[in-house]
Structures are given as structure tokens and as C-alpha cells.
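Hi everyone, thanks for coming.

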Amino acid sequence: MARILICDEDAEARGALAGILVDLGHQVLQAETGDLAIEAVQTQQPTVLFIEPELSERDGVDVLKSLRQRGYELPVFFVAGKLKSSLVAEAMQHGLKDFMLKPIDAAQLEKKLNEA
């Protein structure tokens with residue numbers, strides 16, 4: 001069982017992903033903003049982070065950079081409806097583990113988690 005943090009401004013999207021993860025036997029934490037995600041990583045120490053890359057106040061790349069600068073090496077996955085290849089390329093330079101497109105396929109999610 002992993003302790004997984006989901007960061008997405010869309011409560012429905014967070015809930016859908018959380019439901020899949022709970023069904024797979026994981027503990028789920030949730031954050032609405034990038035700043036709250038950083039705080040949750042520091043205080044709740046999740047083992048994996050799933051984050052929507054295009055958050056309004058602090059995007060996923062910025063959150064990823066901030067976590068790495070603070071010494072956190074947990075696997076980070078982008079989860080989005082669509083992704084710009086330039087954004088993924090930049091995030092990969094900062095240790096992005098992988099990405100998934102919404103809607104999330106439970107089997108694909110489980111496979112990526114096992115690889116992480």
C-alpha cells in the first residue's frame with residue numbers, strides 16, 4: 001500500500017482518481033493547489049504524487065522543481081486531459097516519473113505505480 005497525494009483544482013477529477021487508488025488498496029491524500037501539495041509532502045510524507053500540470057497559481061513543473069530543491073525525491077506523475085510535449089520535456093529534466101491522460105485507466109495506473 002502506498003500513501004498517494006493527488007493535487008488537482010478539480011474536485012471531481014481528484015475524487016475519481018482517489019476512488020481508483022482506494023480500490024487498489026492505497027491511502028489517498030488530496031490537495032487543491034500546488035502550495036498545499038508542497039505542504040502535504042512536507043507534513044504527510046506521501047510516497048507518490050499525482051499532479052495536474054496546469055494549476056492556476058503554481059503549475060506542476062514549479063511544484064516539481066520546488067520539491068526537488070527541498071530534497072524530496074518521491075515519484076511524481078502528471079495527470080491531465082491534454083499535455084504539451086514541451087511541458088513534459090521540461091518536467092522530465094526535473095525528475096518527472098511519467099504522465100497519464102484523463103480519464104485514467106485503472107490497469108494502466110496500477111502498472112505505473114508498480115513500476116515506480
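So, to start: which residues are linked in a network of salt bridges? They are D8, E52 and K102. Before I go on, a word on what we're looking at: this is a predicted model, where local features need pLDDT of at least 70 and side-chain atom pairs count only at pLDDT 80 or more, while totals for chains, interfaces and linings use all residues. Residues are numbered from 1 along each chain as its sequence is written, and side-chain values use heavy atoms, with hydrogens and water left out.

Okay, back to the charges. Side chains of opposite charge can pair when their charged atoms come close. I call it a salt bridge when a side-chain nitrogen of Lys or Arg is within 4 Å of a carboxyl oxygen of Asp or Glu. By that rule we get 6 salt bridges.

Take K102 and E52, whose side chains meet at 3.2 Å, N to O. K102 sits in the loop between β5 (98-101) and α5 (106-115), and E52 in the loop between β3 (48-51) and α3 (60-69), so this pair ties together parts that are 50 residues apart in sequence. Those helices (H or I, at least four residues) and strands (E, at least two) are DSSP runs, numbered from the N terminus.

How covered are these two? I'll say buried for under 20% relative accessible area, exposed for over 50%, and partly exposed in between, using a 1.4 Å probe and protein chains only. E52 is buried, at 13%, whereas K102 is partly exposed, at 29%.

Next pair: K65 and E90 form a salt bridge with their closest N and O atoms 3.4 Å apart. K65 is in helix α3 and E90 in helix α4 (residues 85-93), so to speak a link across distant parts of the chain, 25 residues apart. Both ends are partly exposed, K65 at 27% and E90 at 31%. There's also D62 with R58, at 2.7 Å, N to O, and D62 is partly exposed at 32%.

Now, how much of α3 is buried? It's mostly covered, with 7 of its 10 residues buried. Among them are V61, V63, L64 and L67. The cover over the buried residues of α3 includes α2, β3, β4 (76-80) and α4, through contacts, meaning heavy atoms within 4.5 Å.

Let's move to the outside and look at a nonpolar patch. Patches take residues with over 30% relative accessible area and no salt bridge, joining like charges within 9 Å and nonpolar side chains (Val, Leu, Ile, Met, Phe, Trp, Tyr) within 5 Å. M92, F99 and L101 make up this one, with about 250 Å² of accessible area together; that area comes from the Shrake-Rupley method with a 1.4 Å probe, and for residues only the protein chains shown count as cover. M92 belongs to helix α4 and is partly exposed at 39%. L101 is in strand β5, partly exposed at 42%. Beyond its neighbours within four places in sequence, L101 touches A80, G81, K82 and L83. Its C-alpha is 7.9 Å from that of L83, which is 18 residues away along the chain.

That's my tour; happy to take questions.
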